[in-house]
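User: I would like to learn how to read salt bridges and pockets in a model. Please take them in turn.

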Amino acid sequence: MTLQERLDAMREASKARIPAEARAVMQRSIDELRASGIMERVARVGQVAPGFTLPTASGQSVRLADLMARGPVVLSFYRGRW
């Protein structure tokens, strides 16, 4: 099964788990974000990230440059629960 097929299956399965009212709220939020033009401003695959420093869960600062000095870096953004 390809990644796209798996994502499609997950999307379909969520329709049974998530109440219709909640799905409507989620879809409305997605539509509003897209209408805002945000998609033209998001980072693209392969785009060089600007330098930044973020706190860890324990409060220590981590710089992207320091991580990249040790090797490739994968950034993952957790949006939280809807």
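**Salt bridges and a pocket**

Analyst: R11 and D8 both sit in helix α1 (residues 3-17), three residues apart, about one turn of the helix; helices (H or I, at least four residues) are DSSP runs numbered from the N terminus. This is a predicted model, where local features need pLDDT of at least 70, side-chain atom pairs count only at pLDDT 80 or more, and totals for chains, interfaces and linings use all residues. Residues are numbered from 1 along each chain as its sequence is written, and side-chain values use heavy atoms, with hydrogens and water left out.

User: How many salt bridges does a search of the whole structure find?

Analyst: A salt bridge is a side-chain nitrogen of Lys or Arg within 4 Å of a carboxyl oxygen of Asp or Glu. The search finds three. R11 pairs with D8 at 3.0 Å, N to O; K15 with E12 at 3.1 Å; and R63 with D66 at 2.9 Å.

User: Is R63 buried or partly exposed?

Analyst: Buried means under 20% relative accessible area, exposed over 50%, and partly exposed in between (1.4 Å probe, protein chains only). R63 is partly exposed at 42%, and D66 is partly exposed at 41%.

User: Which residues lie nearest the centre of the second largest pocket?

Analyst: On a 1 Å grid over the protein atoms alone, a pocket is an open set of points where a 1.4 Å probe fits, with protein on both sides within 12 Å along at least five of seven lines; lining residues have an atom within 4 Å of a point. Here 14 residues line the second largest pocket, with Q47, V48, A49, P50 and L75 nearest its centre.

Key: Helices (H or I, at least four residues) and strands (E, at least two) are DSSP runs, numbered from the N terminus.
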